[in-house]
Amino acid sequence: MGRLNWRGSMSRLLVQRAGLGLLTLVAISALLFFGTNMLPGDVAAALLGQQATPEALHNIREALGLNQPAWWRYLRWLSGVLHGDFGVSLASGRSVAGALMPRLGNTLVLALLAGVISVPLAVGLGVASAMREGGIFDRLTSILSLMSISVPEFFIGYVLVVVFAANLGWLPSLAMINPGMSLGERLAAITLPVMTLVLVVLAHMLRMTRSSLLSVMSTPYIEMAFLKGLNRSTVVLRHALPNAAAPIIAVIALNLGYLVVGVVVVEVVFVYPGAGQLMVDSVAKRDLPLVQACGLVFAATYVGLNTIADMVAILVNPRLKIPR
Amino acid sequence: MSPTLRARPPVIVMCAAVIVVLIVGAALLAPWIAPHRESDFFGVVWGPPSAANLLGTDNLGRDMLTRLIYGARNTVGIATLTTAIAFLIGVTSGFVAASVGGWVDTAVSRCVEILLCVPVLISSLMVISVLGNSIPVLIGTIGILESTRVYIIARAVARTVTVREFVSVARLRGEGLAWVICREMLPNALHPLIAEAGLRFSFIFLFIASLSFLGLGIQPPAADWGSMVRENAQAINFGLYAPLYPASAIALLTIGINLLVDRFATSQARPGGHAIEI
């Protein structure tokens, strides 16, 4: 196909990918809703406990609308969600959106800071260790990153607390945030959670950056570039990196998605008032509307990041511009 | 056997093997090697290491080392069972989908893709909020959710095997689907699947530990490394290292397994069996 069709086919790919993302979101919302409704547990029974009388059960089912057909409740829930109304919490009786939104803001601050710090660091270190493949720096990062992939988030968190809070006394061990705090106090409070999250996602991105660079490095056109007499850093940065960009971006998005999961554990470690801790608390209380809302928000973030990554990968990789 | 396997493995891999054997041994022999009984109390909360309590005592004054040894039982045992379930479901459906093909393959793959779009932690939290967190529910839920990850690998591996000549020959001989899968395909797909089993085990193990740490996994009074971290977390505010012992045990086992898998994967010339994480 000629040059003229390039733009047309690429934007079609992008639109297709975005549409697929939207479709996935709808499928996930249905999965979350019907999945939690079809399971044999009963919200009304869970709410009232073992000694509930049949009348009380009936009344609470009536009040929660549990007697209506599932598809009707799903459509009502979905249209509510689209209007920003996630229903009412079973435990507190207050609106879910009102409980979720401020905490979601806190979580986003945490994840955003971690992402902004870890992505350039990971790509930089990955390129550096690919440039000196087999060297002491490369072997050191390889072992260290394999180790930090293998350890749980709370291990990294507690080690950081022991070093920076208990022994050195530089930073607080808990990340409690309250409205009266100044910006400096807030930053000090969230430094350790952000560091933990950075370490959790850094290693994986670093390893993938290195390995996708090295797999491009073994292709003939790179050999050609070396034979032309170019030095290694020019070859890596100018010739190899553009072609390794798509897998690197995919891994970055995957790990930013992983932040969504990692943030849940890290928030519990540091008692940070975010959406992850809210979700864990409401699972323990079996507060279904709140759990569904948190699950939907987390899943949507995850799907959204993956969709964006695929779209950026299409934009970046020249080969993907022409559909096969 | 490739020559690289026969050559002496590096020191770090030997260390990894020793760690894994020690922990599995501790899990199997817990009642015989533990210095005390699981619920013996020593009176001192978060007591310092001493001759009687080598790693000190925990948040209720029980011996930390004994709890760790018994905890290995629960944590490793449940993770092993869950991995086995995930593999049974994932490998069976992956191989059947790849060899039958057509609409079966498409239907199963689409379902799996939707499940893959939600992080395991989020979907299992949803299930736990409805069904509660008894151990059978945990094993079943995580087993089924992780089997989708196994399915992707198993199907990819099976697709490369199913087009080989000896499979066509077996089919032409009139062998049934189960026979072809078990006798012709599985033996030729074993290496990537073993590497995947190691990785999957360490993911599931870490995942169960995280759930227990969140208070939603294995419940006390059963000793379990994840909930031990949770129970002892307060000690860190007093400058004590109590939660670090179970957390390091978790870290050591996963590092050990990952190093072994890394070694196993690089020693095999055949590519494949890459991990799909999260």
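In the predicted model described here, residue A:L192 lies in helix α8 of chain A, a helix that spans residues 183-217. A:L192 counts as buried because 25 C-beta neighbours lie inside 10 Å of it, and the cut-off for a buried residue is 20 or more.

Of the 324 residues in chain A, 41% are buried. When the contacts of chain A with a separation of 6 or more are considered, 72% of them are between residues 24 or more positions apart.

Chain B likewise has 12 helices and 0 strands, and its pattern along the sequence is α-α-α-α-α-α-α-α-α-α-α-α. Buried residues account for 47% of the 278 residues in chain B, while residues 24 or more positions apart make up 69% of its contacts with a separation of 6 or more. Burial does not extend to helix α8 of chain B (residues 165-172), which is hardly covered, since the count of buried residues among its 8 residues is 0. Just after α8(B), the residue B:G174 takes a positive phi of about 95°.

The packing of helices within chain B can be followed through α4(B). Two packed helices are described by the angle between their axes and by the distance between those axes. Helix α2 (residues 11-28) of chain B and helix α4 (residues 64-100) of chain B have axes that come within 7 Å and cross at roughly 100°. α2(B) is therefore roughly perpendicular to α4(B), a term that covers angles from 65 to 115 degrees. In this contact, B:I23, B:V24, B:A26 and B:A27 of α2(B) meet B:I69, B:A72, B:R73, B:V76 and B:G77 of α4(B). Sorted by class, the residues in the contact of α2(B) with α4(B) are 7 nonpolar, 1 polar and 1 charged.

Helix α4(B) also packs against helix α5 (residues 102-116) of chain B, and here the axes come within 7 Å and cross at roughly 140°. The two helices α4(B) and α5(B) are therefore oblique to each other, and their crossing is left-handed. The residues that meet are B:S93, B:A97, B:A98 and B:V100 on the side of α4(B), and B:G102, B:V104, B:D105, B:V108 and B:S109 on the side of α5(B). By class, the contact of α4(B) with α5(B) comprises 5 nonpolar, 3 polar and 1 charged residues.

Contacts also join the two chains, with 39 residues of chain B in contact with 42 residues of chain A. On the side of chain B that touches chain A, the elements that give two or more residues are α6 (120-131), α10 (190-213) and α12 (244-267) of chain B. Among these, α12(B) gives the most, with 10 residues. By class, this side of chain B has 28 nonpolar, 10 polar and 1 charged residues.

In soluble globular proteins, nonpolar side chains tend to be buried together. In the present model, the largest nonpolar core has 169 residues, and those with the most contacts inside this core are A:L197, A:C294 and B:I208. The element that gives the most to the core is helix α10 of chain A (residues 232-269), with 23 residues. When residues up to four places away in sequence are not counted, B:I208 touches B:T75, B:I78, B:A79, B:L138, B:I142, B:G217 and B:G226.

Definitions and conventions: Residues numbered from 1 in each chain as written. Chains lettered and ligands numbered in written order. Predicted model: local features only at pLDDT ≥ 70, side-chain atom pairs only at ≥ 80, totals over all residues. Axes fitted to C-alpha atoms, helices over the stretch in contact; angles between N-to-C directions. Helix = DSSP H or I, 4+ residues; strand = E, 2+ residues; numbered from the N terminus. Parallel < 35°, antiparallel > 145°, perpendicular 65-115°, else oblique. Contact = placed C-beta atoms within 7 Å. Nonpolar A, V, L, I, M, F, W, Y, C, P; charged D, E, K, R; others polar. Buried ≥ 20, exposed ≤ 12 C-beta atoms within 10 Å, placed from the backbone. Core = buried A, V, L, I, M, F, W, Y, C linked by C-beta atoms within 7 Å. Left-handed = near helix turned anticlockwise from the far one by under 90°.
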